[in-house]
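Biologist: Hi! Could you walk me through this one?
Modeller: Happy to, let's take a look together.

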Amino acid sequence: MPVAPSPARAVAVQVLIGGRWIAGQELGRRTGTAGADEVLVSHHGHLVWVDQQSVRESDR
């Protein structure tokens with residue numbers, strides 16, 4: 001599964017989880033097994049692949 005190159009610097013994002021937007025950092029992107037685009041997000045050191053539709057850029 002191909003992974004897009006990581007940005008030179010982590011990008012501040014917000015991730016929709018359980019109806020709430022939480023802060024995180026985008027570290028990379030890929031096309032998931034179901035064909036959906038996913039974003040690798042770090043939140044307090046925890047890494048998770050999240051559907052791209054649940055991620056937005058942070059204004060901070």
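Modeller: One term before we start: a contact means heavy atoms within 4.5 Å. Also, this is a predicted model.

Biologist: Good to know. Among contacts between residues at least 6 apart in sequence, how many join residues at least 24 apart?
Modeller: In this chain, 31% of them do.

Biologist: And what does the secondary structure come to?
Modeller: Zero helices and six strands. Reading along the sequence, you get β-β-β-β-β-β.

Biologist: How much of the chain is buried?
Modeller: The chain has 60 residues, and 25% of them count as buried. Its accessible surface is about 4,400 Å², with 50% of that belonging to carbon and sulfur atoms.

Biologist: Let me pick one residue. Where is Ser-42 found?
Modeller: Ser-42 sits in strand 4, which covers residues 37-43.

Biologist: Is Ser-42 buried or exposed there?
Modeller: Ser-42 is buried, because its relative accessible area is 14% and the cut-off for buried is under 20%.

Biologist: Which residues does Ser-42 touch?
Modeller: Leaving out residues up to four places away in sequence, Ser-42 touches Gly-24, Gln-25, Leu-27 and Leu-47.

Biologist: Switching to rings: how many aromatic pairs are there?
Modeller: The count is zero aromatic pairs.

Biologist: Then what lies over the face of Trp-49?
Modeller: That's Arg-30, at 4.1 Å from the ring centre.

Biologist: And over Trp-21?
Modeller: Arg-56 lies over the face of Trp-21, at 3.9 Å from the ring centre.

Biologist: Great, thanks!

Terms used:
Residues numbered from 1 in each chain as written. Predicted model: local features only at pLDDT ≥ 70, side-chain atom pairs only at ≥ 80, totals over all residues. Heavy atoms only, no water. Helix = DSSP H or I, 4+ residues; strand = E, 2+ residues; numbered from the N terminus. Buried < 20%, exposed > 50% of the residue type's maximum accessible area, 1.4 Å probe, protein only. Areas by Shrake-Rupley, 256 points an atom, 1.4 Å probe, with all protein chains shown as cover. Phe/Tyr/Trp six-rings, centres within 6.5 Å; stacked < 30°, edge-to-face > 60°. Lys NZ or Arg CZ within 6 Å of the ring centre and 35° of its normal.
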